Amino acid sequence: MSVAMLTRAEPLDEHLLDAYRAVADEVRRLDKDRWLAGLYAPDDRRPHLYALYAFSSEIGRIRDVVSDPLPGEIRARWWADMIAGARGSEGASHPVAAALTDTIARFNLPAAEFDRLIEARIFDLYDDPMPDLAALDAYCVDTSTTLIRLAARVLADGRDPHVDEVARHAGIAHGLTMILRSLPRHAARGQVFLPEDVLARHGVVRDDILSGRGSPGLGAALAEIRARAREELTATRRLIRTIPPEVAPAFLPVSLVDMCLTRMDRPGYDPYTTAVESPQWRRQLRLWRAARRARKAAKRFWHV
């Protein structure tokens, strides 16, 4: 990553250079698809995308590093306070915090977007049921869509690129797919993101999911959510031509959704044991094709 090529606002000091190198390494380790997608962003924006993605990873894995919801909430609130400037220089020694606050300042990113993402992730700390599909859509908007909007603003040099509608569809498609992919991990920690109304429609009992017992009903419930994800992906494809071409890298991770859903659609799919992630070379090829077509014309972005 060419951190030294950053040009917006004042140049980076050595401390910030180290912070940006660290967040790039963290994204490469924890969120490989977004790291790969970031490679198609301009050199002077890529480090800032990685700062956003590293922050998303930090917030998303709080439950995995705490033993109780209360310290998890304290950690999440620390991030909210730090972004609001209420923590002074506390974040200076934390690479993700240092890179993130620098990115926010350089591109005038709205604090409300970060608050929305943090509040949504606090839900992760508890075992509360997801009441219905509308609530799950809203969760995906507050997490995945918010991240897309922030990345698009960075790519638009701090301006609002007016991509809210397509980002909403893209975020729901991506968020639902990632929740389906993560079902075994969520179940292992006592959590079910699948909406209660969908489970009830197919006669699925929450305890069966937590214990790893598959059933025809669970298969039907997962198929319904996959169909919902595909609806949102179709809407994304229809509207993607409206985005400014320079913000296309913010949407690139969503080009991998169809590959994951297709593997889930195969006969014999077991949500607990079937590998749904395509080989890295195939994901890289899909990203490369999507990025190449985005450069030619935004309206052809998703036809890979």
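Student: Does Asp157 count as buried, partly exposed or exposed, and what is its relative accessibility?

Tutor: Bearing in mind that this is a predicted model, Asp157 has a relative accessibility of 26%, so it counts as partly exposed, and this residue is found in the loop between α8 (133-155) and α9.

Student: How should I read the packing of α8 and α9?

Tutor: Two packed helices are described by the angle between their axes and the distance between the axes. In this case α8 and α9 pack at an angle of about 115 degrees, with 7 Å between their axes, and their crossing is right-handed. The residues of this contact divide into 10 nonpolar, five polar and four charged; among them are Leu136, Val141 and Ile148 in α8, and Ala167, Ile172 and Leu176 in α9.

Student: How many residues of α9 are buried, and what span should the helix have?

Tutor: Of the 18 residues of α9, 13 are buried, so the helix is largely enclosed by the rest of the structure. At 1.5 Å a residue, α9 (residues 164-181) should span 26 Å, and its end C-alpha atoms are 25 Å apart, which agrees.

Technical notes: Residues are numbered from 1 along each chain as its sequence is written. This is a predicted model: local features need pLDDT of at least 70, side-chain atom pairs count only at pLDDT 80 or more; totals for chains, interfaces and linings use all residues. Side-chain values use heavy atoms; hydrogens and water are left out. Helices (H or I, at least four residues) and strands (E, at least two) are DSSP runs, numbered from the N terminus. The expected span of a helix is 1.5 Å times one less than its number of residues. Buried means under 20% relative accessible area, exposed over 50%, partly exposed in between (1.4 Å probe, protein chains only). Axes are lines fitted to C-alpha atoms, for helices over the stretch in contact, and angles run from 0 to 180 degrees between N-to-C directions. A crossing is left-handed if the near helix is turned anticlockwise from the far one by less than a right angle, and right-handed if clockwise. Contact means heavy atoms within 4.5 Å. Ala, Val, Leu, Ile, Met, Phe, Trp, Tyr, Cys and Pro count as nonpolar, Asp, Glu, Lys and Arg as charged, and the others, Gly among them, as polar.
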